[in-house]
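Please examine the structure shown below together with its sequence. The paragraphs that follow consider its nonpolar core and then the packing of its helices.

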Amino acid sequence: MMSGGYTSIDNQKVSGSVPAVSDSSRVSVQFTESGLQTFPPSGVQGKISGGAQPPRDADDSFSRPAGGTPRGSDESQGGGWLHKFTVAAYKPYFDVDTSDVLDRLKESLYPFRGTFTEKTATNPDLYGPFWICSTLIFVAAAIGTFVTYIAHKLRDKEWNYDINLITWSAGVFYGYVTVVPLVLYVILKYFSAPSGLVQLFCLYGYSLFIFIPAMCLSVVPLEIFRWIIAGVAGFMSATFVALNLKAHITSAGESWFLIVAGIFLLQLALAVVLKLYLFTVSV
């Protein structure tokens with residue numbers, strides 16, 4: 001029935017019609033699977049739990065072994081030559097722990113073994129050389145200053161601190177560990193016996209460790225004793241470098257003996273320079 005623009009439908013049972021729902025009943029809606037993301041996430045993530053993996057583009061070069069990725073791959077090259085100016089490029093060379101460094105320090109005190117290069121071939125580090133050079137700078141300045149102070153006080157002379165000991169020590173140790181391996185790298189490459197540059201940095205850095213206890217013993221105010229200490233330390237350091245490079249340099253042909261002799265004498269010269277400059281006291 002239609003009246004005044006309104007339509008009324010009798011409440012009758014019609015075949016196929018939708019049954020009416022009473023106003024008092026509630027309609028419950030259930031979702032079989034929710035696509036919403038909850039906060040906090042149900043699965044624990046992060047480095048502490050270890051349940052989530054880092055993103056694919058994350059830099060994991062610190063935890064990856066030095067020889068684990070081919071040099072020609074895109075991951076190793078990163079952003080090309082600009083990658084060499086980033087911190088990430090040098091992370092693999094600091095991937096050592098305390099036990100590794102201690103083992104390499106002990107190895108440097110046994111120069112006649114000649115096995116240091118073999119043990120560090122797959123993972124040469126720069127942490128040890130940097131720590132040794134920094135310690136040598138502090139020890140050389142402190143011990144050298146203390147020796148001159150005692151010498152002046154024993155003779156009742158006025159003593160003034162020499163700041164040049166620090167700058168001179170820094171130039172000698174950092175410069176020696178940097179320049180000498182670079183020159184040796186070029187020489188070996190010229191004689192068709194190339195060696196890894198980082199491997200040379202590592203070898204020369206650890207070769208200077210013997211000078212730390214030698215400098216501490218040089219506090220004894222006996223000139224002949226200081227010369228003996230400098231000579232023994234220089235001989236051990238020179239032998240350590242020469243024997244570890246001998247097996248590799250023999251492939252350079254007949255010139256290998258001259259190269260090894262030059263390496264040995266240069267290391268001895270460093271010991272003499274340290275003795276003459278740091279522990280020759282003139283009052």
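Which residues have the most contacts inside the largest nonpolar core? In this predicted model, they are Phe173, Leu208 and Phe211, and the core that holds them has 47 residues. Two or more residues are contributed to this core by each of the helices α2 (98-108), α4, α5 (164-190), α6, α7 (211-217), α8 (223-249) and α9 (256-278). The greatest contribution is that of α4, which supplies nine residues.

The surroundings of Phe211 may be traced in more detail. When residues up to four places away in sequence are not counted, Phe211 touches Leu136, Ala233, Gly234, Ser237, Leu270, Ala271 and Leu274.

Attention now turns to α4 itself. This helix spans residues 127-154 and packs against helix α6, residues 197-207, at an angle of about 35 degrees. The axes of the two helices lie 8 Å apart, and α4 passes α6 in a left-handed crossing. On the α4 side, the contact is formed by Gly128, Pro129 and Ile132; on the α6 side, Phe201, Cys202, Gly205 and Tyr206 take part. Of the residues in this contact, five are nonpolar and two are polar, while none is charged.

A further residue of α4 is Ile143. Is Ile143 buried or exposed? Ile143 counts as buried because its relative accessibility is 14%, below the 20% limit applied to buried residues. The C-alpha atom of Ile143 is separated by 8.4 Å from that of Leu278, although the two residues are 135 residues apart along the chain.

How values were computed: Residues numbered from 1 in each chain as written. Predicted model: local features only at pLDDT ≥ 70, side-chain atom pairs only at ≥ 80, totals over all residues. Heavy atoms only, no water. Axes fitted to C-alpha atoms, helices over the stretch in contact; angles between N-to-C directions. Helix = DSSP H or I, 4+ residues; strand = E, 2+ residues; numbered from the N terminus. Left-handed = near helix turned anticlockwise from the far one by under 90°. Contact = heavy atoms within 4.5 Å. Nonpolar A, V, L, I, M, F, W, Y, C, P; charged D, E, K, R; others polar. Core = buried A, V, L, I, M, F, W, Y, C linked by side-chain atoms within 4.5 Å. Buried < 20%, exposed > 50% of the residue type's maximum accessible area, 1.4 Å probe, protein only.
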